[in-house]
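Here are a few notes to read alongside the model. Have a look at it first, then work through the points.

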Amino acid sequence: MNILYQIAPNLETLGSELVKCIGQTFQMLIISGVIAFVLGLFLGVLLIVTKSDGIMANPVLYKILDKIIDVIRSIPFIILMVLLIPVSRAIVGTGSGVTGSYVALIAGTVPFFARQIESVLADVDYGLVEASASMGFSPLEIIFSVYLKESIPGITRVTMITFVSLIGITAMAGAIGAGGLGDFAIRYGYQMGYRDMIWVTVIIILIIISVIQGVGNLIIRRTTH
């Protein structure tokens with residue numbers, strides 16, 4: 001521990017604050033990530049099945065969803081977060097802090113993830129879909145038994161990519177007052193000039209990303225056939 005304090009001398013006095021900010025980052029990651037995963041998966045499936053050649057073809061609905069996703073994806077996250085402050089206040093009661101960041105984090109992640117899911121599901125062998133339909137499978141059964149089941153490795157891969165991206169935008173959210181590691185790095189590393197705290201923050205983020213990638217790669221290896 002003494003060696004650690006020699007490398008990062010400000011860690012001794014800021015250790016408790018760092019632990020608190022790590023907890024805030026995980027809170028944002030888990031809550032926003034889980035909700036974004038569910039919504040993004042749902043929208044990704046909806047996009048693939050409502051295409052003109054999909055099993056539930058609805059070109060009008062597809063075009064509406066497609067345009068909405070493209071518009072939201074084109075807005076830089078920091079601007080999106082500011083725009084959604086009134087929405088956050090209406091939904092969660094505050095537009096600042098960790099709780100106030102959820103709406104913006106979800107809105108910034110869902111379109112990206114939905115598009116990734118659409119791409120993964122589009123790679124499923126359509127012959128399997130047609131064979132299932134000819135056997136009398138309902139659209140819901142085809143979605144779960146063919147699209148999602150066959151795409152587990154791909155879904156895992158894009159989920160891993162999305163969570164890594166989410167870590168980046170939680171850091172951006174922290175930079176404008178949402179808390180977490182981004183807020184810690186800005187307050188102590190930049191504003192107070194504690195350069196060692198910036199490096200500590202970077203190392204912690206790299207460790208979190210490495211763990212996510214390791215778990216994702218393990219699931220991909222176990223589910224690839």
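1. First, a term: helices are DSSP runs (H or I, at least four residues), numbered from the N terminus. I203 lies in one of them, helix α11. This is a predicted model, where local features need pLDDT of at least 70 and side-chain atom pairs count only at pLDDT 80 or more, while totals for chains, interfaces and linings use all residues. Residues are numbered from 1 along each chain as its sequence is written, and side-chain values use heavy atoms, with hydrogens and water left out.

2. How exposed is I203? I203 has a relative accessible area of 47%, so it counts as partly exposed (buried is under 20%, exposed over 50%, partly exposed in between, with a 1.4 Å probe and protein chains only).

3. Now helix α6, residues 97-122. Its 26 residues reach 38 Å from first C-alpha to last, close to the 38 Å expected at 1.5 Å a residue (the expected span is 1.5 Å times one less than the number of residues). Still, α6 bends by about 30° at V103; the bend is the angle between axes fitted to the seven residues ending there and the seven starting there.

4. Finally, take P139, which sits in helix α8 (residues 139-150). P139 is partly exposed too, at 34% relative accessibility. Leaving aside residues up to four places away in sequence, P139 touches I55 and M56 (contact means heavy atoms within 4.5 Å).

Key
Helix = DSSP H or I, 4+ residues; strand = E, 2+ residues; numbered from the N terminus.
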